[in-house]
Amino acid sequence: MLNCVVLFIFFVAFFQGFLSTNCHSGVILPTQLHRVSSPSLNLNLDYQPVIGILSHPGDGASGRISNATEASFIHASYVKLVEAAGGRVVPLIYNEPQEKLLKKLELINGVLFTGGWVKDGPYFETVERVFKKALEKNDAGDHFPLYAICLGFQLITMIISQDNNILEKFKAQNQASTLQFVENVQIEGTVFQRFPPDLLKKLSTDSLVMQNHAYGISPAKFLGNQKLSSFFEILTTCKDEEDKVYVSTVRSKKYPVTGFQWHPEKNAFVWGSTKIPHTQEAIQTTQYVANFLVSEASKSLNRPVAQELFDNLIYNPCPTFYAKEGKAYDEVYVFV
């Protein structure tokens with residue numbers, strides 16, 4: 001019995017000594033977390049960024065639904081894109097009261113415009129309103145990034161150029177493609193800055209990105225519009241089925257705004273087409289794109305009230321599994 005007590009005391013002393021030694025070498029007990037801050041923690045960054053995703057008119061189930069409908073939707077792949085990099089999502093309902101929409105913008109650290117088809121009416125007006133508000137936030141000193149994907153990129157092209165007829169027709173629907181980087185382009189500070197060199201090279205040789213659009217803009221027309229060429233820098237181009245070249249990735253020269261004519265969200269999260277690349281390199285492409293958005297959103301100064309944020313997170317509604325019914329999208333959040 002005495003030997004057991006002595007052995008117990010020895011192990012207690014040894015364990016306390018081990019903890020004492022390792023606390024000084026960087027190991028922190030859970031009870032010490034409130035007293036010790038990590039030396040790598042940057043207090044100027046938000047490690048819980050929130051992205052607002054604007055809903056699109058319709059229910060996402062049966063193609064080109066009228067802009068007049070009360071329903072709107074967000075494809076779950078855009079939500080997953082944000083979540084894959086550690087962000088959360090607040091849905092921005094395009095036809096909700098303007099004051100409510102503007103209040104939601106105070107809960108978020110960045111915005112994402114999705115793909116779709118509606119280019120006019122209330123939806124276009126809401127995109128323009130949110131886009132201008134995002135620029136205002138940046139002008140006021142808040143680093144507020146914006147991602148515009150496919151239709152979203154087309155819409156801000158129309159808004160910036162102040163030309164609603166600037167888009168051209170292309171045949172790039174349901175097509176996997178490469179990305180051709182503009183000669184001598186500098187990728188530092190762009191969405192491609194953290195891509196490994198071998199992946200950057202494969203983007204230009206392998207079909208790692210998904211295209212699904214009937215409209216776009218050629219480099220010549222893009223550069224010929226002074227408003228567009230002064231706002232954006234072209235990073236990549238692509239060719240459609242007829243070898244016509246269109247602008248595929250841009251970044252703002254002044255603001256944290258990135259435009260994609262392609263779909264970075266589809267590789268990892270969409271299964272409705274056999275043309276969508278699902279290779280390891282394609283999935284990595286999705287991940288790096290997501291990482292850049294969320295890392296930029298982490299620079300935002302906005303810190304929303306927790307309860308207000310919880311009340312508006314996209315976790316409140318439930319997504320619908322449309323692919324089971326043979327519909328156009330896999331999984332969709334519908335707002336009525």
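Guide: Let's start with a term. A polar contact is a pair of N or O atoms within 3.5 Å, where one must be able to donate a hydrogen and the other to accept it. Keep in mind that this is a predicted model.

Visitor: Which side chain makes a polar contact with the side chain of Ser 72?
Guide: That of Ser 55, at 2.9 Å.

Visitor: Is Ser 72 buried or exposed?
Guide: Buried. Its relative accessibility is 0%, and the cut-off for buried is under 20%, so Ser 72 counts as buried.

Visitor: What does Ser 72 touch?
Guide: Leave out residues up to four places away in sequence. Then Ser 72 touches Ser 55, His 56, Pro 57, Gly 58, Ile 93, Tyr 94, Asn 95, Tyr 333, Val 334 and Phe 335.

Visitor: And which strand does Ser 72 lie in?
Guide: Strand S3, residues 72–75.

Visitor: How does S3 pair with S14?
Guide: In the antiparallel sense, over 4 bridges. S14 covers residues 331–335. Ile 74 stands opposite Tyr 333 in S14.

Visitor: What holds strands together in general?
Guide: Strands of a sheet pair through backbone hydrogen bonds, either parallel or antiparallel.

Visitor: In what order do the 4 strands of that open sheet come?
Guide: S2-S3-S14-S13, with antiparallel pairing. S2 (56–57) and S13 (320–321) are the edge strands, each pairing on one side only.

Visitor: Which helix lies across S3 and S14?
Guide: Helix H2, residues 76–83. H2 runs at about 45° to S3.

Visitor: Let's zoom out. How many helices and strands does the chain have?
Guide: It has 11 helices and 14 strands. The chain has 336 residues, and 48% of them count as buried.

Visitor: What about the surface?
Guide: The accessible surface comes to about 16,700 Å². Carbon and sulfur atoms account for 55% of it.

Visitor: Now the sheet with 8 strands. What is its order?
Guide: S4-S1-S5-S6-S12-S11-S10-S8. This sheet is open and its pairing is mixed. Its edge strands are S4 (88–92) and S8 (180–181).

Visitor: Do S5 and S6 run parallel or antiparallel?
Guide: Parallel. Strand S5 (residues 111–113) and strand S6 (residues 146–149) are joined by 3 bridges. Leu 112 has Tyr 147 in S6 as its bridge partner.

Visitor: Which strands does helix H4 lie across?
Guide: S1 (50–54), S5, S6 and S12 (257–260). H4 spans residues 121–139 and runs at about 150° to S5.

Visitor: Which residues touch the most other members of the largest nonpolar core?
Guide: Ile 108, Val 111, Phe 113, Phe 131, Phe 222 and Phe 232. This core has 46 residues. Another core lies apart from it, with 40 residues, among them Cys 150, Leu 179, Leu 235 and Ala 290.

Visitor: Back to Phe 131. What does Phe 131 touch?
Guide: Beyond residues up to four places away in sequence, Phe 131 touches Phe 113, Leu 146, Ile 156, Ile 159, Ile 160, Phe 231 and Val 257.

Visitor: What follows H5?
Guide: Gln 162 does, and its phi is positive, near 60°.

Visitor: New topic. Where is Asn 109 found?
Guide: In the loop between helix H3 (98–104) and S5. Asn 109 is buried, because its relative accessible area is 0%. Its side chain makes a polar contact with the side chain of Ser 300, at 3.1 Å. Asn 109 is also in contact with other residues, including Gln 48, Val 50 and His 143.

Visitor: Is Gln 48 buried or exposed?
Guide: Exposed. Its relative accessible area is 52%, and exposed means over 50%. Gln 48 sits in the loop between helix H1 (2–24) and S1.

Visitor: Which residues is Gln 48 in contact with?
Guide: Arg 88 and Asn 109, leaving aside neighbours within four places in sequence. The side chains of Gln 48 and Arg 88 make a polar contact at 3.5 Å. These two are 40 residues apart along the chain, with their C-alpha atoms separated by 7.5 Å.

Definitions and conventions: Residues numbered from 1 in each chain as written. Predicted model: local features only at pLDDT ≥ 70, side-chain atom pairs only at ≥ 80, totals over all residues. Heavy atoms only, no water. Helix = DSSP H or I, 4+ residues; strand = E, 2+ residues; numbered from the N terminus. Buried < 20%, exposed > 50% of the residue type's maximum accessible area, 1.4 Å probe, protein only. Areas by Shrake-Rupley, 256 points an atom, 1.4 Å probe, with all protein chains shown as cover. Contact = heavy atoms within 4.5 Å. Pairing = 2+ DSSP bridges. Axes fitted to C-alpha atoms, helices over the stretch in contact; angles between N-to-C directions. Core = buried A, V, L, I, M, F, W, Y, C linked by side-chain atoms within 4.5 Å.
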